[in-house]
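Subject: Structure for your review

Dear colleague,

I would be grateful if you could read the notes under it with the structure open.

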Amino acid sequence: MASSMQFELLAPDRRLAQCEASQVELPGTEGDFTVLPNHMPLVSSLRPGIVRVRDSRDENSEFVVTGGYVEISADAAIVLAEQAVERAHVTREMLEQVIESAEREAEGLEGPEKDLADKYLSDMAALERAIGTQA
């Protein structure tokens, strides 16, 4: 049984991470989940949250994502993020900009679209609390 898998985190403008990982924790839209080597293949959407990676040397890295997708196979986990930043580099201003943009986009929506926008805003508020950038 393999003890590591390839991990990649890609944002639209750059690759944020690429390493051999022993574990990846992801904020799935249906709930958080952990991926280990030899995981069954799947594709999942991601909600705003923190991606945690333990590399093959047992060092941990954390990245904040605003959503996206992950493709998992037995030997890889590839995250395609809408936006992503290393957690250490996230500022309150960055999150406020994303939240303000989402609030503007939610104005005037109704029905299921409004429900999705409200869920996204709720997830962003929870992310803000989780990383401690809230006033």
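Predicted model: local features only at pLDDT ≥ 70, side-chain atom pairs only at ≥ 80, totals over all residues.

Residues are numbered from 1 along each chain as its sequence is written, and side-chain values use heavy atoms, with hydrogens and water left out.

Helix H2

Helices (H or I, at least four residues) and strands (E, at least two) are DSSP runs, numbered from the N terminus. H2 spans residues 111-131. The helix has 21 residues and reaches 31 Å from its first C-alpha to its last, close to the 30 Å expected at 1.5 Å a residue; the expected span is 1.5 Å times one less than the number of residues. Its buried residues (under 20% relative accessible area, with a 1.4 Å probe and protein chains only) are Ala117, Leu121, Asp123, Met124, Leu127, Glu128 and Ile131. Seen down the axis of H2, these residues fall within an arc of 160 degrees, so they line one face of the helix. The arc is that of the directions from the helix axis to the C-beta atoms. An α-helix has 3.6 residues a turn, so residues three or four places apart point the same way. Pro112 and Asp115, on the other side of H2, are exposed, a term that stands for over 50% relative accessible area, with partly exposed in between. The cover over the buried residues of H2 includes E5, E6 and H1, where contact means heavy atoms within 4.5 Å.

A pocket is an open set of points on a 1 Å grid over the protein atoms alone, where a 1.4 Å probe fits, with protein on both sides within 12 Å along at least five of seven lines; lining residues have an atom within 4 Å of a point. Grid points are joined across faces, edges and corners, and a volume is the space filled by probe spheres set on the points.

The largest pocket holds about 500 Å³ of space. It is lined by 22 residues, of which Pro48, Thr66, Glu82, Leu116 and Tyr120 are the closest to its centre. Two or more lining residues come from each of E4, strand E7 (68-73), helix H1 (92-106) and H2. H2 gives the largest share, six residues. The lining divides into nine nonpolar, seven polar and six charged residues. Here Ala, Val, Leu, Ile, Met, Phe, Trp, Tyr, Cys and Pro count as nonpolar, Asp, Glu, Lys and Arg as charged, and the others, Gly among them, as polar.

The second largest pocket has about 170 Å³ of space. Of its 14 lining residues, Pro27, Asp32, Arg47, Ile50 and Arg52 are the closest to the centre. Strand E2 (14-28), E3, E5 and H2 each give two or more residues to this lining, which divides into eight nonpolar, two polar and four charged.

Individual residues

Asparagine 38 has a positive phi of about 70 degrees although it is not a glycine. This asparagine 38 is found in the loop between strand E3 (31-35) and strand E4 (42-46), and at 39% relative accessibility it counts as partly exposed. Aspartate 58, also not a glycine, has a positive phi near 65 degrees. Aspartate 58 lies in the loop between strand E5 (49-55) and strand E6 (60-65) and, at 57% relative accessibility, counts as exposed.

Yours sincerely
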